[in-house]
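Please look at the sequence and the structure shown here, and keep both in view while reading the explanation that follows.

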Amino acid sequence: KLTDEENLNMLLGATDKRALLVKVADRVHNMRTIEGHKSEDKKKKMAKETLSFFVPLAMALGIKQAAEELRTLSNRVLDN
């Protein structure tokens, strides 16, 4: 099993960047609407995954604004 960093490096090197941009955009939407999920455990899992994978991915893609929003939304979930 790859670490988050190894997985991120593999995706950045081998995948069409447009597909990665769509993945980040989808995660932003999911985090914006996360309150609709009933399970607190699923919310926290998604927030942790976002912080460990999608925030660094957004930064690597050069979309700092998305990274900052994802970080803020994830921390809001984890602080509850």
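A search of the whole structure, which is a predicted model, finds one aromatic pair. The rings of phenylalanine 53 and phenylalanine 54 have centres 5.1 Å apart and planes at 85°, so the pair is edge-to-face. Rings of Phe, Tyr and Trp (its six-membered ring) are said to pair if their centres lie within 6.5 Å; planes under 30 degrees apart count as stacked, over 60 as edge-to-face and the rest as tilted. Both phenylalanine 53 and phenylalanine 54 are buried.

Two remarks on the basis of these values are in order. Residues are numbered from 1 along each chain as its sequence is written, and side-chain values use heavy atoms, with hydrogens and water left out. In this predicted model, local features need pLDDT of at least 70 and side-chain atom pairs count only at pLDDT 80 or more, while totals for chains, interfaces and linings use all residues.

Where does phenylalanine 53 lie? This residue is placed in helix α3, which covers residues 40-60. Phenylalanine 53 counts as buried because its relative accessibility is 9% (buried means under 20% relative accessible area, exposed over 50%, partly exposed in between, with a 1.4 Å probe and protein chains only). When neighbours within four places in sequence are left aside, phenylalanine 53 is in contact (heavy atoms within 4.5 Å) with Asp4, Asn7, Leu8 and Leu11. Asparagine 7 is 46 residues away from phenylalanine 53 along the chain, yet their C-alpha atoms are separated by 8.6 Å.

Leucine 20 belongs to helix α2, residues 17-32. Its relative accessibility is 0%, and leucine 20 therefore counts as buried. Between leucine 20 and leucine 57 there are 8.1 Å from C-alpha to C-alpha, although the two are 37 residues apart along the chain.

The chain as a whole can now be described. It has four helices and zero strands, where helices (H or I, at least four residues) and strands (E, at least two) are DSSP runs numbered from the N terminus. The radius of gyration, taken over C-alpha atoms, is 12 Å, close to the 12 Å that the globule rule (2.2 Å times the number of residues to the power 0.38) gives for 80 residues, so the chain is as compact as a globular protein of that length. Of these 80 residues, 31% count as buried. Among contacts between residues at least 6 apart in sequence, 64% join residues at least 24 apart.
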